[in-house]
There are 2 protein chains.
Amino acid sequence: MSEIWYKKSMKPIGIFDSGIGGLTVLKEIQEEVPREDLVYFGDTARVPYGTKSKETITKFSLDNVRFLQNFDVKMVVVACNTAASLSLDVLKTSFSMPIIGVIEPGAKEALAATKNGRIGVIGTKATIGSGSYEACLKRLKPSLKVYSQACPLFVPFVEEGWLDGEVVTQVAKTYLEPLKTFGIDTLILGCTHYPLLSSVIRKTVGEEVSLVNSAEETAKEVRRLLTKLKAEAPRKKGNPETRFFVSDEPEQFRTLGERFLGRSITSVAKVGDYVRG
Amino acid sequence: MSEIWYKKSMKPIGIFDSGIGGLTVLKEIQEEVPREDLVYFGDTARVPYGTKSKETITKFSLDNVRFLQNFDVKMVVVACNTAASLSLDVLKTSFSMPIIGVIEPGAKEALAATKNGRIGVIGTKATIGSGSYEACLKRLKPSLKVYSQACPLFVPFVEEGWLDGEVVTQVAKTYLEPLKTFGIDTLILGCTHYPLLSSVIRKTVGEEVSLVNSAEETAKEVRRLLTKLKAEAPRKKGNPETRFFVSDEPEQFRTLGERFLGRSITSVAKVGDYVRG
């Protein structure tokens, strides 16, 4: 084992999101490559990204990767659909480490799931406006029919913990019934918040529609890339660590983050400090 | 007329908000002191403030006043209830020009409106969490009964243009019916977005409850302070100018801003440029 290889394999993987949503991706990565050290950054001071412009989202994403560089990360996962849709190209040309987004993995999973070739995509205004999923799906298979719908109220509902009930169901109907009329058999949940609304979404679109979220497939892509780069954490490494950083007050992230992660988060640091979680 | 006085009187008034909501305050200021030049800054890249911490909101507010200082403003109006609630004290000690918030004017107007001394306050999480209105009302009249309720979904609804209909009415009921049970006769709309929901709010709380928004009273306070400081724009001044600046892409601000301002906005500049509007 060469020393260079060994050193790279010991480095952590960096993950960033506009806030807490990316924790759904982190969770899958922890399950897929459990020996890896992870550094998660949530840009909670400037959240949300989904209502903002390409220029602003790109600037924020560049800041976030620069922050993760402080940890000498061996790879970066853009765990935010909006940031991945609007800024992945710029990030890839601006940094030397490998950078993975959530769009292509999600698109691949949808392609594997669809039988009739009619795929729906929901996401923030910025994600849908970018056409990122549609472009990726068409690149994978030009004959696919893709129908997109921005659902800007879904993020506030999730952040407020309104995950079911009459109001959310009514909003879901407004957004999703037009998609149903196109006969989709697969729906990409193109925002990391949306899996938390999956029971309402399922009720609205029907049991026969496959719901795809990018988290699982992104985690598999992380593993594939680690193998390809011979950068997997060695078996004899110590216990894996996950560190959480945010740009706003940590307590709200910790509380709400536990809803996303499905387990407790022991500590979160506001950027500037180093704390293990 | 001394030269110093003359120069001060010719300077513009600076107004900032986390985004577009402060345009409701700008509109009242334009009506109250129509000869004044105004510079409006909306921090659209970092909006919203209402879900964030005191520390972050204060940092953003300091940035915003520093930006307005570039225009040598004679006064600053903090047209955002959240920023005024969390950062006005720090702003006042950090800068030498007079700085006015929207909280005290709103509280005074509510005090004038109430007959039974039972006042409701609605606002963002940060505004309600700060207790700013309650503290101000109790300072004005200790015997007042104040009942507060955060309404975090109202801002997203307004920004999405969902200003009436079944869903918003249902959300309004969830937030406001508890306040009704306290027998309030006055309700402070403690967020610049909320006046756009006033018909739904009125339907929910009933015709007998006075709805107070701070914009009008804040504009009167601006006039009073200009008079006191002998800083009013002179009669022979040229046509008043209002300039709009934002931190994110200007087009969305312009379009949505017209809904708040009730008239067209000819131009908005992203910070860095100077454009007249």
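Okay, quick definition before anything else: when I talk about helix axes, I mean lines fitted to C-alpha atoms over the stretch in contact, with angles taken between N-to-C directions. And keep in mind that what we have here is a predicted model.

So, with that in hand, let's start in chain B. Helix 5, residues 103-113, and helix 7, residues 132-140, both of chain B, have axes that come within 9 Å and cross at roughly 55°. Helix 5 and helix 7 of chain B are therefore oblique to each other, and their crossing is right-handed. Who makes the contact? On the helix 5 side of chain B it's B:I103, B:E104, B:G106, B:A107, B:K108, B:A110 and B:L111, and helix 7 of chain B answers with B:S132, B:Y133, B:C136, B:L137 and B:L140. Sort the residues of that contact between helix 5 and helix 7 of chain B by class and you get 8 nonpolar, 2 polar and 2 charged.

Domain 1 covers 3-102 plus 216-270, and domain 2 of chain A is 103-214. Their C-alpha centres, domain 1 to domain 2 of chain A, lie 23 Å apart. Where they touch, domain 1 of chain A puts in 24 residues and domain 2 of chain A puts in 22. On the domain 1 side, helix 2 (23-32), helix 4 (81-94) and helix 11 (214-228) of chain A each supply at least two residues. Helix 4 of chain A has the largest share of that side, 5 residues.

Zoom in on strand 5 of chain A, residues 118-123: 6 bridges join it to strand 6 of chain A, running parallel. There, A:I122 is opposite A:Q149 of strand 6.

Last stop, the two chains together. Chain A brings 16 residues into contact with 16 residues of chain B. On the chain A side, helix 3 (54-69) and helix 9 (166-180) each supply at least two residues, and helix 9 of chain A gives the most, with 4 residues. The class count for that side of chain A is 6 nonpolar, 3 polar and 7 charged.

That's my tour, thanks.

Definitions and conventions. Residues are numbered from 1 along each chain as its sequence is written. Chains are lettered from A and ligands numbered from 1 in the order in which they are written. This is a predicted model: local features need pLDDT of at least 70, side-chain atom pairs count only at pLDDT 80 or more; totals for chains, interfaces and linings use all residues. Two strands pair if DSSP finds at least two bridges between them. Axes are lines fitted to C-alpha atoms, for helices over the stretch in contact, and angles run from 0 to 180 degrees between N-to-C directions. Angles under 35 degrees count as roughly parallel, over 145 as roughly antiparallel, 65 to 115 as roughly perpendicular and the rest as oblique. A crossing is left-handed if the near helix is turned anticlockwise from the far one by less than a right angle, and right-handed if clockwise. Two residues are in contact if their C-beta atoms, placed from the backbone, lie within 7 Å. Ala, Val, Leu, Ile, Met, Phe, Trp, Tyr, Cys and Pro count as nonpolar, Asp, Glu, Lys and Arg as charged, and the others, Gly among them, as polar. Domain bounds come from an automatic or database domain assignment.
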